[in-house]
Amino acid sequence: MAIRTANVLVEAQLIDRATRQVVGRSGTAQLSIARAREVVQQLTLSISNPTFWSISNPYLYDVVIRIEHNGSTIDTYQRTFGFKSFRVSTVDGLRKFSLNDSIIRLSAVDYVEDHPENGSSMTYDQFRQDVSILKTLGV
């Protein structure tokens, strides 16, 4: 007789990528799941004083979700992310982009990958040199 449902435990951890320390942990949720079915479970993590992701400091965290059955881990899911907020608002009659409540000036160019020797098949170093030149122009 095949097992029709299984009881599993689900837990999430928040890991600081720089220090590899666990900085947040959800409670453990117990679920009963039928074979070949999906169950949606909300887990809550909290962290005090997170380091926000920014252009000058792209600070990252990992969230790791672990599923356990009969004392053994049967699945894990990991996702990398950064804490940030962004919005577009009108300031002094102009549209402004804000990252973590700081206005960021956005500059852009129409860039076409093209090199006199390689055409559109640029090497990584050639592309990197182009990006470096664009950054000196404030793009």
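Visitor: Where does Val109 lie?

Guide: Val109 lies in the loop between β8 (102-104) and α1 (124-136), helices (H or I, at least four residues) and strands (E, at least two) being DSSP runs numbered from the N terminus. This is a predicted model, in which local features need pLDDT of at least 70 and side-chain atom pairs count only at pLDDT 80 or more, while totals for chains, interfaces and linings use all residues. Residues are numbered from 1 along each chain as its sequence is written, and side-chain values use heavy atoms, with hydrogens and water left out.

Visitor: Why is Val109 called partly exposed?

Guide: Buried means under 20% relative accessible area and exposed over 50%, with partly exposed in between (1.4 Å probe, protein chains only); Val109 has 46%, so Val109 is partly exposed.

Visitor: What makes Phe86 and Phe97 a stacked pair?

Guide: A search of the whole structure finds 6 aromatic pairs. In one of them, Phe86 and Phe97 are 6.3 Å centre to centre, with 25 degrees between the planes; rings of Phe, Tyr and Trp (its six-membered ring) pair if their centres lie within 6.5 Å, and planes under 30 degrees apart count as stacked, over 60 as edge-to-face and the rest as tilted, so this pair is stacked. The pair links distant parts of the chain, with Phe86 in strand β6 (residues 86-91) and Phe97 in strand β7 (residues 94-99), 11 residues apart.

Visitor: Is Phe86 buried or exposed?

Guide: Phe86 has a relative accessible area of 60%, and is therefore exposed, whereas Phe97, at 24%, counts as partly exposed.
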